[in-house]
Amino acid sequence: MKNNKDISSFAWMLLALLGLIWGGSFLSIRVALDEVGFLTSVAHRTGWAMVLLWLYVWLRGLPVPFERCIWGGFLGMGLLNNAIPFSLMAWGQLTIETGLTSILNAATAIFGVIIAAIFFADERLSARKMIGVSLGFLGVATAIGLEHLLAFDPRSLAQLAVIGGTISYAFAGVWAKKMLSGLAPEVAAAGMLTGSTLIMLPAAWIIEGPITLDLQPITWLAIAYYVVIATALAYLLYYRILAIAGSGNLMLVTLLVPPVAILLGALVLGEELQARAYWGFLLLALGLVILDGRAVDAFRRAK
């Protein structure tokens with residue numbers, strides 16, 4: 001895996017594409033939620049994407065592991081990286097704007113740094129990381145708003161649910177490093193989606209009733225987008241960028257997603273975000289840039 005700080009024009013193009021894809025996922029999920037329950041929407045997402053990725057693995061002739069510990073790892077990863085965050089964020093989108101959901105989702109990298117520092121000795125929090133994390137938290141608090149941090153109304157609960165999803169993503173990173181190292185990324189993604197589908201199908205069925213395929217065309221279009229494009233294709237694109245640009249560069253996609261989601265939410269759904277959401281995103285983005293470190297290094301060299 002590459003860790004260098006240089007990034008090619010091709011990698012930038014892939015990053016921009018991934019940002020566009022994931023930015024559009026928030027809109028497609030919200031559209032689907034007009035007809036299906038939030039758990040059912042997640043079951044569709046993980047189930048169909050699982051089928052597509054296993055088909056890809058089969059066509060590529062990639063080896064499939066059968067060890068019990070690895071499949072336990074898939075189940076845990078499916079819970080932490082799909083079932084919990086997808087469900088919490090979809091539930092949150094029933095109350096808050098898609099653009100705000102995407103801004104809060106950007107805090108994933110902030111929580112990832114903290115959780116990694118707790119579990120891995122080589123991921124300790126340096127002074128630079130502490131500054132980045134602090135700015136990130138300030139950005140999240142600003143985007144949510146003090147009144148919503150102090151009150152437990154439906155809007156504040158929805159925002160906290162989204163934050164809970166980002167924390168689950170952060171723990172998923174630790175789980176993957178400990179349990180799924182050495183696997184082909186495509187196999188790991190397919191196995192993870194299998195684990196999450198084993199969780200989400202019965203959960204959706206029990207809580208929201210039998211999953212029906214008799215849906216409006218617009219709902220199927222939305223589901224097709226976030227299954228085929230924003231999940232199956234996006235995972236393959238994600239690992240492609242990781243291979244050619246490194247994990248540090250991959251974090252930059254976090255900054256590209258909210259502007260796309262905000263624009264689509266405004267154009268398609270007529271959403272309007274309060275000024276504090278934009279200020280919160282700017283603070284969060286500044287925190288992520290400091291965590292990335294390159295801007296700080298460039299400033300030091302220029303002095």
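Is Trp 71 buried, partly exposed or exposed? Trp 71 is partly exposed, because its relative accessible area is 29%, and the buried class stops at under 20%. Keep in mind that this is a predicted model.

Let me stay with the aromatic rings. The structure holds six aromatic pairs, and I will go through two of them.

The pair formed by Trp 22 and Tyr 238 is tilted, with 6.1 Å from centre to centre and 45 degrees between the planes. Trp 22 sits in helix α1, residues 9–32, and Tyr 238 in helix α10, residues 217–250, so this pair links distant parts of the chain, 216 residues apart. Tyr 238 is partly exposed, at a relative accessible area of 28%.

In the other pair, the ring centres of Trp 54 and Trp 71 are also 6.1 Å apart, but the planes meet at 20 degrees, so this pair counts as stacked. The cut-off for stacked is under 30 degrees. Trp 54 belongs to helix α2, residues 38–60, and Trp 71 to helix α3, residues 68–93; they are 17 residues apart.

Back to Tyr 238 for a moment: together with Trp 22 and Tyr 239, it forms one aromatic cluster.

Two rings have a charge over the face. Arg 45 lies over Phe 86, at 3.9 Å from the ring centre. Lys 177 lies over Phe 120, at 4.3 Å from the ring centre.

Last, helix α12, residues 275–292. At 1.5 Å a residue, its 18 residues should span 26 Å, and the end C-alpha atoms are 26 Å apart, which agrees. Among its buried residues are Phe 281, Leu 284, Leu 288 and Leu 291. Just after α12, Gly 293 takes a positive phi of about 90 degrees.

Conventions: Residues are numbered from 1 along each chain as its sequence is written. This is a predicted model: local features need pLDDT of at least 70, side-chain atom pairs count only at pLDDT 80 or more; totals for chains, interfaces and linings use all residues. Side-chain values use heavy atoms; hydrogens and water are left out. Helices (H or I, at least four residues) and strands (E, at least two) are DSSP runs, numbered from the N terminus. The expected span of a helix is 1.5 Å times one less than its number of residues. Buried means under 20% relative accessible area, exposed over 50%, partly exposed in between (1.4 Å probe, protein chains only). Rings of Phe, Tyr and Trp (its six-membered ring) pair if their centres lie within 6.5 Å; planes under 30 degrees apart count as stacked, over 60 as edge-to-face and the rest as tilted. A charge sits over a ring if NZ of Lys or CZ of Arg is within 6 Å of the ring centre and within 35 degrees of the ring normal.
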